[in-house]
Amino acid sequence: MKINDLPFGITDWSEVEKTEHSGEQGMAYWKTRNFGNIRVRMVEYSPGYLADHWCAKGHILLCLEGELHTELEDGRCFVLIPGTSYQVADDAELHRSSTKQGARLFVVD
């Protein structure tokens, strides 16, 4: 990733508007900032969340709280706990998220 034309700045996430996104089960709450073609998000999944789609978007994702289950289309499953992350390229491996207890994430894509 090459980051161009982005001056130094600070984000106070408590001031960023939250949007709601329904999953197949549960809700996702996003606080989103866009910097050119880079999207940065704080994401909270409600307990019992299951994504309503297989995602092809590339991400770098850090688990801050809770436990996130990520399933790849080929059947592999991974569990993220606070302090762990994953990275995946655009159109590389379809993936979807779920959580039993809820999770809070920091995502760059």
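Reader: Is R41 buried or exposed in this structure?
Author: In this predicted model, R41 has a relative accessibility of 6%. The cut-off for the buried class is under 20% relative accessible area. Because 6% falls under that limit, R41 counts as buried.

Reader: In which strand is R41 found, and which side chain makes a polar contact with the side chain of R41?
Author: R41 belongs to strand 3, which covers residues 38-45. Away from its sequence neighbours, R41 touches several residues, including W13, W30, H59, F106 and D109. A polar contact of 2.8 Å joins the side chain of R41 to the side chain of D109.

Reader: How many residues apart in sequence are the parts that the salt bridge between R41 and D109 ties together?
Author: The side chains of R41 and D109 meet in a salt bridge at 2.8 Å, N to O. R41 lies in strand 3, whereas D109 lies in the segment after strand 9 (103-108), so the pair ties together parts of the chain whose separation in sequence is 68 residues.

Reader: Is D109 buried or exposed, and which residues are linked with D109 in a network of salt bridges?
Author: D109 has a relative accessibility of 11% and therefore counts as buried. A network of salt bridges includes D109. The residues linked with D109 in this network are R39 and R41.

Reader: How many salt bridges does a search of the whole structure find?
Author: Among them is the pair R41 and D109. Another of these pairs is D90 and K57, whose side chains meet at 3.7 Å, N to O. A search of the whole structure gives a total of 7.

Reader: Where do D90 and K57 lie, and how many residues apart are they?
Author: The side chains of D90 and K57 form a salt bridge. D90 is in the loop between strand 7 (85-88) and strand 8, and K57 is in the loop between strand 3 and strand 4 (59-66). D90 is partly exposed at 46%, and K57 is partly exposed at 34%. The pair links distant parts of the chain, and the separation is 33 residues.

Reader: What is the N to O distance in the salt bridge of E93 and R76?
Author: E93 is partly exposed, with a relative accessible area of 36%, and R76 is partly exposed at 38%. The side chains of E93 and R76 meet in a salt bridge, and the N to O distance is 2.5 Å.

Reader: In what order do the 3 strands of the open sheet stand?
Author: The pairing in this open sheet is antiparallel. Strand 6 (77-80) and strand 8 (95-98) are the edge strands, each pairing on one side only. On average, neighbouring strands are turned by 25 degrees against each other, direction ignored. The order of the strands is 6-5-8.

Reader: Which residue in strand 6 is the bridge partner of L68?
Author: Strand 5 spans residues 68-72 and runs antiparallel to strand 6. The two strands are joined by 4 bridges. In strand 6, L68 has as its bridge partner L80.

Reader: How many disulfides does a search of the whole structure find, and how far from C55 is the nearest cysteine sulfur?
Author: A disulfide is a covalent bond between the sulfur atoms of two cysteines. The search of the whole structure finds 0 disulfides. C55 is accordingly in no disulfide, and its nearest cysteine sulfur, that of C77, lies at a distance of 16 Å.

Reader: Is C63 buried or exposed?
Author: C63 is in no disulfide. Its relative accessibility is 1%, so C63 counts as buried.

Notes. Residues numbered from 1 in each chain as written. Predicted model: local features only at pLDDT ≥ 70, side-chain atom pairs only at ≥ 80, totals over all residues. Heavy atoms only, no water. Pairing = 2+ DSSP bridges. Axes fitted to C-alpha atoms, helices over the stretch in contact; angles between N-to-C directions. Polar contact = N/O pair within 3.5 Å; in protein donor to acceptor, adjacent residues only side chain to side chain. Contact = heavy atoms within 4.5 Å. Salt bridge = Lys/Arg side-chain N within 4 Å of Asp/Glu carboxyl O. Buried < 20%, exposed > 50% of the residue type's maximum accessible area, 1.4 Å probe, protein only. Disulfide = S-S within 2.5 Å. Lists of a residue's contacts leave out its neighbours within four places in sequence.
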